[in-house]
Amino acid sequence: MLLVCTCYEHGTARWGELLDEIGGRREGEVLVLGGRGVRLCPIEDPGLDGLHGGNIPALVPTGGPVPPVAVLSDGLVVYGGDAPLLVDLAVVPGRGVRVPPVRLGEILTALQDGALAFDDLIRDMDICGIYQGDGGRPAFPAPTASPGRSFPALPSSDAALLVRTSFDDEEGWRGLIDELGGVGEDGWIGAGLNPGESDVENIPLAALVVDDPAFEGLLPGQVPALVPPEEHTTLVALADARTFAEPDRPLTVVDLYDTPGQPAVLPCAQVGPMECNLSLANMDFYEFVAEEGTTPWWEGG
């Protein structure tokens with residue numbers, strides 16, 4: 001399996017404490033973990049600096065056996081002491097979950113032996129995206145079902161994308177667009193809103209609208225691999241069946257960086273402030289994930 005470093009300083013790979021924390025033994029250029037001998041191949045290349053989990057599947061050579069996962073050591077691991085990111089390569093390529101470094105050998109062995117599936121990791125992650133973490137259960141768990149088909153790449157954008165994935169309610173879609181300020185000739189939402197008239201808690205969403213039936217049924221876990229790596233897209237918000245069936249027109253916002261594919265479901269009016277806070281690094285994605293049994297922050301007053 002691949003152990004990919006995506007954090008570099010002056011061209012030198014930075015692993016932080018990860019290699020010591022995961023243990024294992026060296027056999028040449030390979031790191032062997034656990035009693036069953038899971039073999040990790042460390043990958044260092046300054047060209048990978050800043051690469052995100054959703055981009056990893058595209059780097060795996062085609063035509064040969066595909067490992068079930070890749071392990072990614074990013075800036076959150078090096079500078080934040082966070083858990084390494086496991087990126088799915090086989091089932092829904094590009095989605096991710098973080099695992100405690102001391103359990104990496106155990107979890108990789110279970111995946112290799114078939115005792116665990118990547119879906120099991122997704123179903124049992126907390127609001128911070130950590131497998132069996134103590135951050136609380138998400139109120140809206142990430143779906144693990146897949147429509148079993150491929151999707152085209154999403155447009156490149158350095159802001160946000162609003163992607164329609166449900167096409168059964170045309171009136172509901174028009175209502176959502178109107179509530180968000182309308183779409184301009186350039187395809188961006190919010191053309192009818194004046195950001196200068198908004199306070200920090202009511203910032204209008206600025207997003208490129210993707211209204212294309214090719215994305216019907218797109219699920220959060222499939223999104224990260226579709227986002228081109230050239231631009232730093234802040235987030236992708238999905239207008240799905242829930243959007244047109246529930247009050248406040250909730251959107252399913254997808255994390256692209258910390259835990260690729262993790263969803264946060266929140267009223268459409270709150271996605272603008274979320275996009276602003278994420279783009280300014282004022283808040284982390286998990287802070288917008290509603291916790292099961294807890295009043296969401298936007299209802300807390």
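**View A. The second largest cavity of the predicted model.** The second largest cavity has a volume of about 50 Å³, a cavity being a set of points, on a 1 Å grid over the protein atoms alone, where a 1.4 Å probe fits but cannot get out, and a volume being the space filled by probe spheres set on the points, which are joined across faces, edges and corners. Its lining, made of residues with an atom within 4 Å of a point, consists of Arg95, Gly96, Ile122, Met125, Ala142, Pro143, Gly221, Pro260, Gly261 and Gln262. By class, this lining has 5 nonpolar, 4 polar and 1 charged residues, where Ala, Val, Leu, Ile, Met, Phe, Trp, Tyr, Cys and Pro count as nonpolar, Asp, Glu, Lys and Arg as charged, and the others, Gly among them, as polar. This is a predicted model, in which local features need pLDDT of at least 70 and side-chain atom pairs count only at pLDDT 80 or more, whereas totals for chains, interfaces and linings use all residues. Residues are numbered from 1 along each chain as its sequence is written, and side-chain values use heavy atoms, with hydrogens and water left out.

**View B. The largest cavity.** Of the 3 cavities of 30 Å³ or more in the structure, the largest has a volume of about 70 Å³. Its lining includes Arg123, Asp126, Arg137, Phe140 and Val289, and divides into 8 nonpolar, 1 polar and 3 charged residues.

**View C. The largest pocket.** About 490 Å³ of space lies in the largest pocket, a pocket being an open set of points with protein on both sides within 12 Å along at least five of seven lines. Among its 24 lining residues, His52, Leu76, His232, Tyr257 and Asp258 lie nearest the centre. Helix 2 (75-80) and helix 6 (271-279) each supply at least two residues of this lining, helices being DSSP runs of H or I with at least four residues, and strands runs of E with at least two, numbered from the N terminus.

View D. Strand 10 (residues 160-164) runs parallel to strand 11 and is joined to it by 3 bridges, and Leu162 has Val209 of strand 11 as its bridge partner.

Note on methods:
Two strands pair if DSSP finds at least two bridges between them.
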